[in-house]
Amino acid sequence: MIGALVLAGCGDSGSGSDSSAAGAELSVGAAYIPQPVSDSMAAGFLTITNKGDAEDELTSVTSEAGDVTVHETVDGTMKEVDRLPIPAHGRLVFKSGGNHLMFEKLKRQLKQGQTVSVELHFAHSGPVTVKLPVKAATYQPTAGHSGH
C-alpha cells in the first residue's frame, strides 16, 4: 500500500494528463458555509470524493476570506488537525457536528448569498479551488450525506 502511494505521488511530474495513472481522482461537492453569527469566525462544510485507486490526504486549506484550519470531531470533541485522509474509492465528509473547516480572522462579514473561495491542498494531488456559497444559518443539505 505504501509503495502505491509513493508511486502515485511521483507519477504526476511532467505528463499533462494523468487520467490513466493509478492515483487519486478527487472531486468536491455539497460545499457551503452557514451564515455565521460571529463577525470573525465561520464554519465550512463540503464533501471530497476520491474515485481513484490511491488514497490522498487533505493537508491544508487557504482562502482570501481569512485563516482556515481543518478540524475533526471525535466523541463530541473538536480538535485541529494538520491532515485528514481521503480513502481510495471513498469520501471525506465535512458536516455539522463532524469534520469541518474553521474560518477565523475573517476580513469581511459573511452574509447569505455571498460566496467564499477556498483552495484545498493535498499530499499527492494538485490544489483544487472551490466556491462555498454562504447559506442561511439554519441550512441543512438534503442530499450527499446518505444513501451512497
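A: Start with contact, which means heavy atoms within 4.5 Å. Not counting residues up to four places away in sequence, His 121 touches Glu 57, Leu 58, Thr 59, Ser 60, Val 61, Thr 62 and Pro 127.

Q: What kind of model is this, and how are the residues numbered?

A: This is a predicted model, in which local features need pLDDT of at least 70 and side-chain atom pairs count only at pLDDT 80 or more, while totals for chains, interfaces and linings use all residues. Residues are numbered from 1 along each chain as its sequence is written, and side-chain values use heavy atoms, with hydrogens and water left out.

Q: Which side chain does the side chain of His 121 join in a polar contact?

A: A polar contact is a pair of N or O atoms within 3.5 Å; within protein, one must be able to donate a hydrogen and the other to accept it, and residues adjacent in sequence count only if both atoms are side-chain atoms. Here the side chain of His 121 is joined to that of Thr 62, at 3.1 Å.

Q: In which strand does His 121 lie?

A: Helices (H or I, at least four residues) and strands (E, at least two) are DSSP runs, numbered from the N terminus. His 121 belongs to strand S9, residues 115-122. The protein chain has one helix and 10 strands.

Q: Which strands are joined to S9 by bridges?

A: Two strands pair if DSSP finds at least two bridges between them. Strand S3 (residues 56-63) runs antiparallel to S9, with five bridges joining them; Val 61 has Leu 120 as its bridge partner in S9. Six bridges join S9 to strand S10 (residues 128-135), also an antiparallel arrangement. S9 and S10 form a hairpin, with five residues between them.

Q: Why is S9 described as largely enclosed?

A: Buried means under 20% relative accessible area, exposed over 50%, and partly exposed in between (1.4 Å probe, protein chains only). Six of the eight residues of S9 are buried, so S9 is largely enclosed by the rest of the structure.

Q: Where is Asp 75 found, and is Asp 75 buried or exposed?

A: Asp 75 is in the loop between strand S4 (67-74) and strand S5 (77-81). Asp 75 is exposed, at 79% relative accessible area. Although not a glycine, Asp 75 has a positive phi of about 50°.
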